[in-house]
There are 2 protein chains.
Amino acid sequence: MAGRNIDEWIDRYLSVSFLVMKRGAALVKDSLCEEMTHDQYYLLRYIRRRGACTSTELAAMFGVNKSAVTAMTNRLVDKGWLRRDRDERDRRVVVLSLTEQGEAWIAEMDRNVYRLVEEVIARFPEEEIETFIRTYERLAHVLQEVEEAK
Amino acid sequence: MAGRNIDEWIDRYLSVSFLVMKRGAALVKDSLCEEMTHDQYYLLRYIRRRGACTSTELAAMFGVNKSAVTAMTNRLVDKGWLRRDRDERDRRVVVLSLTEQGEAWIAEMDRNVYRLVEEVIARFPEEEIETFIRTYERLAHVLQEVEEAK
DNA sequence: TCCATTTTGTTCAACTGTTGAACTATTAGT
DNA sequence: ACTAATAGTTCAACAGTTGAACAAAATGGA
């Protein structure tokens, strides 16, 4: 690849990724209720999709320390959205899963957030959406590989 | 568009955007020095590109409160990377611009971050990169429109 | 011109998310 | 059996954020 081209891509990517991150977070936050933060919404979504998971898995998945996960899950347990159970087969492990209340709240929040994302997505041609998301998913995968290679 | 398709896209987009945000932030942070945070790096980059700007502009651009900008810029001024000057034509306005030291630090950080992003980008075909970034930029633009329409 | 309104930015308390070191409890590997 | 490694928590110290209250300056009608 031409060096000129690459540097331009890098610059454009860095600029736009920060913009989308900030603006996207602000919009999603507006779609949530006072009680639920942006990060809590995504964390609960992830746990729901996985059914149940551990602090270690969450920390690795999101690239944060385990103590950060403890702090976040504490708040979610306090709100009654998340359940902490000790794994009987390996008593070091804590199994995290949604409570019924948590399921209900996240479903409620989903309604607003989906409406928002749909409004955004609707402005793009279908093919562009599919292509974009596919590359985005590949990017998430590559980031994990690069992280693991350290 | 088929409802089924849209909901699948929304779900995939929400999941992957959080992953990329978190993992990307973690990797960029590793490329920075102890003294500079992820957010500070992007903020300084933005101000450098604009030459100079105001708190109001930054707050609108990144979708945060002006008080958040004050707090961030305070830390950057304390470190000697950012300069605060009153606008002589409108004395309410504070003009933010990089100091020479700030320019030097951000150039230094750029070297590491560019190396990282290049490593990631190199794993994609050129055409996919260009297509992806173009849609990403369109997305940033749409998010701003949606924000403004509120 | 005068005064109310708007705009720009700051301060403050309170909160979320994060790190990194020190710690406990449990398991795994010889 | 004992040392290693693993899973998670606690804690102090930060960065980033909100929202309300505030000060200072500019604007715009009457």
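In the predicted model, Y136(A) is buried, with a relative accessible area of 3%. F132(B) is likewise buried, its relative accessible area being 7%. Under the pairing rule applied to ring centres, 18 aromatic pairs are counted over all chains. In one of these pairs, the rings of Y136(A) and F132(B) have centres 5.7 Å apart and planes at 50°, so the pair is classed as tilted. This pair crosses between chains, joining helix α6 (residues 126–148) of chain A, which holds Y136(A), to helix α6 (residues 126–148) of chain B, which holds F132(B). A further aromatic pair is formed by Y41(B) and Y42(B); the arrangement is edge-to-face, with 5.5 Å from centre to centre and 65° between the planes. Y41(B) and Y42(B) are both buried. Ring pairs also link residues of both chains into a cluster, made up of Y13(A), F132(A), Y136(A), Y13(B), F132(B) and Y136(B).

Strand β1 (residues 82–86) of chain A runs antiparallel to β2(A), and 5 bridges join the two. Within this pairing, D85(A) stands opposite V95(A) of β2(A). Strand β2 (residues 94–98) of chain A is mostly covered, 4 of its 5 residues being buried.

DNA strand C is surrounded by 26 residues, of which T37(A), N65(A), K22(B), T56(B) and T70(B) are the closest. Of the atoms of DNA strand C that come within 4 Å of the protein, 65% belong to sugar and phosphate. At least two residues of the surface near DNA strand C are supplied by each of α2 (38–50) and α4 (66–78) of chain A and α3 (55–62) and α4 (66–78) of chain B. The largest share, 5 residues, comes from α4(A). By residue class, this surface comprises 6 nonpolar, 10 polar and 10 charged residues. A side-chain N or O atom of T70(B) is 2.8 Å from a phosphate oxygen of DNA strand C, and a polar side-chain atom of Q40(A) lies 3.4 Å from a phosphate oxygen. The side chain of K66(B) places an N or O atom 3.2 Å from a base nitrogen of DNA strand C.

DNA strand D is surrounded by 26 residues, and the closest are K22(A), T56(A), T70(A), T37(B) and N65(B). Sugar and phosphate make up 67% of the atoms of DNA strand D that come within 4 Å of the protein. The surface divides into 6 nonpolar, 9 polar and 11 charged residues. Phosphate oxygens of DNA strand D lie 2.7 Å from a backbone N or O atom of N65(B), 2.9 Å from a polar side-chain atom of R75(B) and 3.5 Å from a side-chain N or O atom of Q40(B).

Notes: Residues are numbered from 1 along each chain as its sequence is written. Chains are lettered from A and ligands numbered from 1 in the order in which they are written. This is a predicted model: local features need pLDDT of at least 70, side-chain atom pairs count only at pLDDT 80 or more; totals for chains, interfaces and linings use all residues. Side-chain values use heavy atoms; hydrogens and water are left out. A residue is near a molecule or strand if one of its heavy atoms lies within 4 Å of it. A polar contact is a pair of N or O atoms within 3.5 Å; within protein, one must be able to donate a hydrogen and the other to accept it, and residues adjacent in sequence count only if both atoms are side-chain atoms. Ala, Val, Leu, Ile, Met, Phe, Trp, Tyr, Cys and Pro count as nonpolar, Asp, Glu, Lys and Arg as charged, and the others, Gly among them, as polar. Rings of Phe, Tyr and Trp (its six-membered ring) pair if their centres lie within 6.5 Å; planes under 30 degrees apart count as stacked, over 60 as edge-to-face and the rest as tilted. Buried means under 20% relative accessible area, exposed over 50%, partly exposed in between (1.4 Å probe, protein chains only). Two strands pair if DSSP finds at least two bridges between them.
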